[in-house]
Amino acid sequence: MAFFDRFRKGSRARDDERATTPAGFYPLYESARPVDPDDEDDEDNLPRPRASATPDFDAWDAKLSGIDAALEVEEQRRLRWWQRDYWRARSRLWWAGRSIMAGFALFALLIGWLTITAPLSKSLEPIAPPQVTLLASDGTPIARQGAVVEAPVKVADLPPHVVQAFIAIEDRRFYSHWGIDPRGIARAAWTGYGGGSTITQQLAKFTFLTPEQSLSRKAREALIAFWLEAWLTKDEILERYLSNAYFGDNQYGLRAASLHYFYRQPEKLKPEQAAMLAGLLQAPSRYAPTKHYDKAQKRMELVIRSMVEEGYLTEAEARALPDPRIDVRTRDDNLPTGTYFADWALPLAREGMEASYSKQTLTTTLDSRLQSLANRVVSRAPLGRAQVALVAMRRNGEVVAMVGGRNYADSSFNRATQARRQPGSTFKTFVYLTALEEGWEPDDTIPNTPITQGSYRPKNARERYSDQITLEDAFAQSSNVAAVRLFQAVGSDKVIRNARKLGISADMPEGDPSLALGTSAMTLMELTAAYAGIAANDYPVEPHAFARGEPGWWEWLTTRKDSMSSRVHKDLEAMLRAAINRGTGRNAVLPIANFGKTGTTQDYRDALFVGYAGDLVVGVWVGNDDNTPMQGVTGGSTPARIWRDFMRGALKIEAAPAPRSTASPDPEGPVQPLDVEGGQIPLGQDGTILQIDGNGVTLRQEGVPVEVRLDQGGVAVQPTPAPAPAPGATPPP
């Protein structure tokens, strides 16, 4: 309170002291009043400073004005950017400085964006993948794909009339503008020819941008054009343009076009030839002289007229130019541009190829003999309207034959690598493998009775059940109820883990009992590679189209490989052999050690057989593209016979000799029942089946729409009935 006391006392100062104070000013500063001897409120009783006889009121007034200015500065500092006064108080100099800084920042960002999205080195790369020729493992050419691209051209090596022809029709002011030519755009709009885009813009468009028509693409095209003009010379821009432009007939670049149309190097082109090539750039496919010579000729005349207008040719020289003669030479172009194997292998090859103008010749793992054999076997199979796929590979994953459909010309869709279908009972192999690893043995038994509890109640094919069945017999006969019970006993997580180890990447939900019957869709290639891992007992196996060398120590150290114990592998192969020799795969039996498994999905929508013998692992699929049911085709019928016929030819196995008939020592003894599903007896190798039931005998053949029936009423020829599975029935094996 001492301060207020002093203020109060000061307010009662003597009139004579008050008179010395300038009018209109009342000092509050302590030194502006004399010392009051009665003022003893200071603890140390120190004397107060004496008032100046001549106080400097002007200086004090200036200090107060400074306080006001400081308050204004502080108020301005406390303003936020979203307040209007924050911007109003800025000076023009401030605005100018900030604008310059923003311009530099925007320029730096633009340079960085162009460096990333439009690197100059990209304009040196061909805009289309160069031609690649694939060879079989024995050197036989099998396919050729890609554009015809030759070495780049140099402007300094080209005759003047070659450069002049392109400049006259595409960009007359090429050597004077900075990437964009407003005059050229106006001339093109007025005359209807000459090109609205500069050569630099066209290079930017087909090298860095997509063909979309939009204002944003045009803006990016202009920016990249300025970028190219800033960093490249005019000749460098023209060279890259001529070396990459499309001239029709799958020819990219001036050198490829001149060799294709005139069988002449671009350094030796005649004026009329150069004029015709320059005219192709506006619409290469429409003006290609090999198909539309009259249109190419009219376009050439327009180019020559433009060259006369620019002074490159005189009227007399232009009239003297003859029509060029097309000289297209055949250069071993009889190879197919696509096959099922080539369509799968080429993307894998291009992943490791550097962008270049040179042609590539690559040797694949395809075996030309096995590929021809696969085509023959598939072509003579009784497929009806169904499609087919076949994959053959070595145990290390080298694909040696591939059929992706009945006819590549009709459909290039590869059903071996692109179609994802249910594998059916071929998936049971992973279930039984898991059981063997968990300590089960092939002679262990499991109930084979109908499943009557739970929401999922699968049934065996043709309602065949028994009280108990061994694991080996259940696998050979493809028992559905036994597979589901075993799946639940070992645990779905363990089955899925084993399938993943073998290379199966399909979606496999845990806890779904239908997974045991192969309801998770996958490709035939994926499934066959998993069986290759079983055959080699070294997995996962990665299918590949190009030979691989021995892995280095680092790759061996960092690549994880799994294998099963010798006991488990031996027991699993015993089951696979039982399935093919005395089970559902009997139609695929070979006179050598063979292993395999059948698979058939619900309503006969998919039929598969996957197995191995010798050094080959082969998977076969048959089905309709629209997923409609087939006429009773199972994995043990057509797919198994295709597999057998291919294996016999591939491994050069002769047909097994017919068994010798021997007299039975006890003809009245017990008769061993044949292991035939539903009373069906296969006759021969052409799909003929003899079916015996309680009322008579039926003879039918796959692919034939009628059947012969013999019963008490005599012999009758009737249409083959469509399969009609029982309600709630699960996929047959």
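By the ring-pair rule, the count in this predicted model comes to 10 aromatic pairs, where rings of Phe, Tyr and Trp (its six-membered ring) pair if their centres lie within 6.5 Å, with planes under 30 degrees apart counted as stacked, over 60 as edge-to-face and the rest as tilted. Take tyrosine 432 and phenylalanine 475, whose ring centres are 5.1 Å apart with planes at 75 degrees, so this pair is edge-to-face. Tyrosine 432 lies in helix 18 (residues 428-437) and phenylalanine 475 in helix 19 (residues 471-476), so the pair ties together parts 43 residues apart in sequence; helices here are DSSP runs of H or I, at least four residues, numbered from the N terminus. Both tyrosine 432 and phenylalanine 475 are buried, meaning under 20% relative accessible area with a 1.4 Å probe, protein chains only.

A word on the basis: this is a predicted model, in which local features need pLDDT of at least 70 and side-chain atom pairs count only at pLDDT 80 or more, while totals for chains, interfaces and linings use all residues. Residues are numbered from 1 along each chain as its sequence is written, and side-chain values use heavy atoms, leaving out hydrogens and water.

Now to lysine 234, which is placed in helix 10 (residues 234-244) and is buried, with a relative accessible area of 15%. What does the charged end of lysine 234 sit over? That end sits over the ring of phenylalanine 174, 4.7 Å from its centre, the criterion being NZ of Lys or CZ of Arg within 6 Å of the ring centre and within 35 degrees of the ring normal. Likewise, the charged end of arginine 286 sits over the ring of tyrosine 287, 5.5 Å from its centre.

Methods. Helices (H or I, at least four residues) and strands (E, at least two) are DSSP runs, numbered from the N terminus. Buried means under 20% relative accessible area, exposed over 50%, partly exposed in between (1.4 Å probe, protein chains only).
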